[in-house]
Amino acid sequence: AELTDLDGSGYLRGRWANIRSETGAPAYSPDNSFLYDRHDDQFEQVMAYYWVTEAQRYIQRLGFGTTLRPINKQSQDIRINQWGADNSYSWAKHEVIRFGKGGVDDAEDAEVILHEYAHAMVDSQVPPFGIGGSLEAAAIGEGFADYWAVTVSNVIAPTADPACGADWDSTSYTRTVPHCLRRVDDDLHYPEDLTGEIYRDGLIWSRALWDIRHALGHVKADTVILEGIFGYDPYVTMPEAADATVKAAERLYGKATAKAVATAFQARGILP
């Protein structure tokens, strides 16, 4: 794969991603040939740079930053193996994404990288969204991040089971095959399947987004979904977020597209 938008320093610093790693030596190449395998600390650095950059390039191909409002249009700071546990997070206060280590180190998996970048995206669109001001808002954030991970990976590097998220990272802690952190095609319904556990509740939201993708194709769906997020607030409920998405669809593409989006949310019980 080609690394784009590098600043020419020989390090993994560029227009859309800036690797700030303190574990192991920083990846360096005077000719931009960053060749490592997964046993090298630098491998995760390259993965994070590549996937954050590709995600932002995809956002801009959809029109954000030109005809539509920009989304996280900056060089995203990233720290690799800086969280001493097998977990990762986007920290809005310091505008940094931190990836953990253990099992399969998180930044080895493209969809883990994309999931955390999705949180940074929402933080830029709805400041200060953070993890959401309520359990339901947080579930929307997690559901969107799960969806974003699989839609972008499916555009850039399709897999045989596109609805299965983080299938490489999850090999270290799941026994079932296929190995998935979470799926985006589970059959859950709002509000009766809400549990108060944000990752499980997020499956209701990610399934609705996945159905929109099937109905519209990834270009229209992702454009509508991203534009709809600008209509959120930190306490947004699923019906409110769905309404914002339907309105974005009608504004961008007309009533027929808005109806298709509404139908997907109705199938999940999110809209009447």
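A: The largest cavity holds about 70 Å³ of space. A cavity here is a set of points, on a 1 Å grid over the protein atoms alone, where a 1.4 Å probe fits but cannot get out; its volume is the space filled by probe spheres set on the points, which are joined across faces, edges and corners. Searching the whole structure gives 2 cavities of 30 Å³ or more.

The model is predicted, so local features need pLDDT of at least 70 and side-chain atom pairs count only at pLDDT 80 or more, while totals for chains, interfaces and linings use all residues. Residues are numbered from 1 along each chain as its sequence is written, and side-chain values use heavy atoms, with hydrogens and water left out.

Lining residues have an atom within 4 Å of a cavity point. For the largest cavity they include Glu111, His115, Ala145, Asp146, Gly165, Leu181 and Arg182. Helices α2 (110–125) and α3 each supply at least two lining residues, and α3 gives the most, with 4. Helices (H or I, at least four residues) and strands (E, at least two) are DSSP runs, numbered from the N terminus.

Ser170 lies in the loop between β5 (164–165) and β6 (182–183). Ser170 has a relative accessible area of 0% and is therefore buried, a term for values under 20% with a 1.4 Å probe and protein chains only. Beyond its neighbours within four places in sequence, Ser170 contacts His179, Cys180 and Leu181, where contact means heavy atoms within 4.5 Å. Its C-alpha atom is 9.1 Å from that of Arg182, 12 residues away along the chain.

The structure has 6 aromatic pairs, meaning rings of Phe, Tyr and Trp (its six-membered ring) with centres within 6.5 Å; planes under 30 degrees apart are stacked, over 60 edge-to-face, and the rest tilted. Tyr58 and Trp148 form a tilted pair, 5.8 Å centre to centre with 35 degrees between the planes. This pair joins distant parts of the chain, as Tyr58 in α1 and Trp148 in α3 (residues 135–156) are 90 residues apart.

As for α1 itself, 16 of its 21 residues are buried, so it is largely enclosed by the rest of the structure.

How values were computed
Buried means under 20% relative accessible area, exposed over 50%, partly exposed in between (1.4 Å probe, protein chains only). On a 1 Å grid over the protein atoms alone, a cavity is a set of points where a 1.4 Å probe fits but cannot get out, and a pocket is an open set with protein on both sides within 12 Å along at least five of seven lines; lining residues have an atom within 4 Å of a point.
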